[in-house]
Amino acid sequence: MELKNAKHLRGTVSVPGDKSISHRAIMFGAISKGMTEVTNFLQGADCLSTISCFQKMGISIENRKDRVIVHGKGLHGLSAPKEILDTGNSGTTTRLISGILAGQSFSSSLTGDHSIQKRPMKRILTPLSAMGADVSSVRGNDCAPLQFHPSSLHGMTYTSPVSSAQVKSCILLAGLYADDTTSVIEPVLSRNHTELMLSAFGADIQSQNTTVSIHPNPNLQGQKVEVPGDISSAAYFIAAGLLAKDAEILIQNVGINPTRDGILKAAHAMGGNIQKQNERIVSGEPVCDLLVTSSALFGTDIGGELIPTLIDEIPMIAVMAAFADGTTRITDAAELKVKESNRILTVAENLRRMGADVTPTEDGMIIKGNPCALHKADFDSYLDHRIAMAFAVAALSLDAPCCMQDAECVNISYPKFYEDLYGLIRDE
Ligand code: S3P
C-alpha cells in the first residue's frame, strides 16, 4: 500500500472502542446472568475472535454493529465447544479465556494464528497449574495450542514475575471458579480494566497497590457497558498531530484510565502540546477529548513504572523520538519482544529504513533524533497492526510517499485507520 505525506492535518476524529474493554465486556457478559449490552464495541478482528469463541460455547451474542448484546448464562452456563476455539491473532482472548476454560466442567482446546502459536503461554500455564488446573501445551513448547480438562481449582496468592494485565486477568478469572480467595501481586500495576469491570458485574474484588484479590463464586449480573475510545488508537493521531508542520486535531471520547495514559505523559515530557477537554466518567472509566497541535519535540527517558501504562504505544513513541531533537532512551520494556511481533526488532528495522539512528537493546532501544536525516522508505508491518499504524504516521512527515507491506493488518484493532488518518489531510 502507498502511504501519503502531509504537512497540514485538521479536523475531528473519534477513535474506535477500547480493545481491552471490548474483550472483557463480552467475556464477563457471557459468564454473568442476563443481558449485557455493549455500545461502541470495537469491531476489530481480535474482539470478533472473542465473540466467536463464546458463541462456540453456547452463548448467544447478537452483533448489531452499533451495539452488541450478550445473553449471559452465568458462571456455570457455558457448554462444551464442538470444535477447537480459535483466538486468531489475539493474545488477550487467548490468555483471558484460558482462565475461564480452566474452571469449566468440560474439556476444550484452543489455538490461534501463526503469531499466537509463537507467543509465550508459560506465564499463564504456571499459575493455572499451581491452582490445580489440568492445562497443557499440546506441542509441549509452552505455546498454543492449549488443551484443558476439568479439575478443581484452589485459591492461591501468585507473585507474577511480569506486569501483565493478561496474566493477572487470567488468574482472576480462574479465581472465580476456585475454592478460596485468589490474589495476584504484580511488580508494577498493569491496566486495571478487569478489576473495574468485574466489580461492576458484581464480583467481590479488592485492589491495594499492586495486589488484587478475588473471592470465588460470585453472582455476576449482566450490565450496560459503554466502551470508551481506545487511547492506544488515539496515540497515532496524537503523534500525527504533534509531528505535522501544521496540525490541529480534536480526538473525541478517549479513555484516560491512569493505568493506560502513559502516552500522554511521554508526549508531554517530549514537549508535545495536548489539552484534555470535557473530562468525564463513562461506565466507570475516565474519558476526555484531546486537542493536539503541532509541537517541536525533544528526546526523553522512558522506563520503570511508566512502561506498563504505554507498552502498546512504544512503536509510536519510537517514531516520535526519531523526529525529536536529542536522544530518547526506552528501558524496562523487554515485554516488547513477545507482542504481535518482536517490537524491539520490527521498530528498529523500520526506523533504520527511514534513516533514523536507532540502537536496539535487551529491554528497549536508544534513538538519536535527527529529522534532517530521515527520508522516504519501504516499510514492513511484519503483520503487526501497531507497527503498520506507527509507520503510516511516520510516513506522513517524510519527504515522499512511502510503501507498507501487509498494511491491511490494521484490521486487528482499527479497520478504518487509513480512512480516518487520511481524512484529516488538508491542502493548506
Ligand atoms: C492487554 C494487555 C497488554 C497489552 C495488550 C492488551 C489486555 O498485554 O499489550 O494489547 O487487554 O489485558 P500484557 O498483559 O501481555 O502486557
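Q: How do the residues lining the second largest pocket divide into nonpolar, polar and charged?
A: A lining can be read by residue class. In this predicted model, the lining of the second largest pocket has eleven nonpolar, three polar and three charged residues.

Q: Which residues lie nearest the centre of that second largest pocket, and what is its volume?
A: The second largest pocket holds about 390 Å³ of space. Its lining has 17 residues, and Leu243, Lys245, Phe323, Ser397 and Leu398 lie nearest the centre.

Q: What is the volume of the largest pocket, and which residues are closest to its centre?
A: The volume of the largest pocket is about 530 Å³. Ser163, Ser164, Ala165, Ile311 and Lys339 are the closest to its centre, out of 35 lining residues. By class, the lining of the largest pocket comprises 16 charged, ten polar and nine nonpolar residues.

Q: Is H1 buried or exposed?
A: Burial is judged residue by residue, with under 20% relative accessible area as the cut-off. Twelve of the twelve residues of H1 are buried, so the helix is largely enclosed by the rest of the structure. Among them are Lys19, His23, Arg24 and Phe28.

Q: What span should H1 have, and how far apart are its end C-alpha atoms?
A: At 1.5 Å a residue, the twelve residues of H1 should span 16 Å. The end C-alpha atoms of H1 are 17 Å apart, which agrees.

Q: Which backbone nitrogen does a side-chain oxygen of Asp18 reach at the start of H1?
A: That oxygen of Asp18 comes to within 3.0 Å of the backbone nitrogen of Ser20.

Notes
Residues are numbered from 1 along each chain as its sequence is written. This is a predicted model: local features need pLDDT of at least 70, side-chain atom pairs count only at pLDDT 80 or more; totals for chains, interfaces and linings use all residues. Side-chain values use heavy atoms; hydrogens and water are left out. On a 1 Å grid over the protein atoms alone, a cavity is a set of points where a 1.4 Å probe fits but cannot get out, and a pocket is an open set with protein on both sides within 12 Å along at least five of seven lines; lining residues have an atom within 4 Å of a point. Grid points are joined across faces, edges and corners, and a volume is the space filled by probe spheres set on the points. Ala, Val, Leu, Ile, Met, Phe, Trp, Tyr, Cys and Pro count as nonpolar, Asp, Glu, Lys and Arg as charged, and the others, Gly among them, as polar. Helices (H or I, at least four residues) and strands (E, at least two) are DSSP runs, numbered from the N terminus. The expected span of a helix is 1.5 Å times one less than its number of residues. Buried means under 20% relative accessible area, exposed over 50%, partly exposed in between (1.4 Å probe, protein chains only). A polar contact is a pair of N or O atoms within 3.5 Å; within protein, one must be able to donate a hydrogen and the other to accept it, and residues adjacent in sequence count only if both atoms are side-chain atoms.
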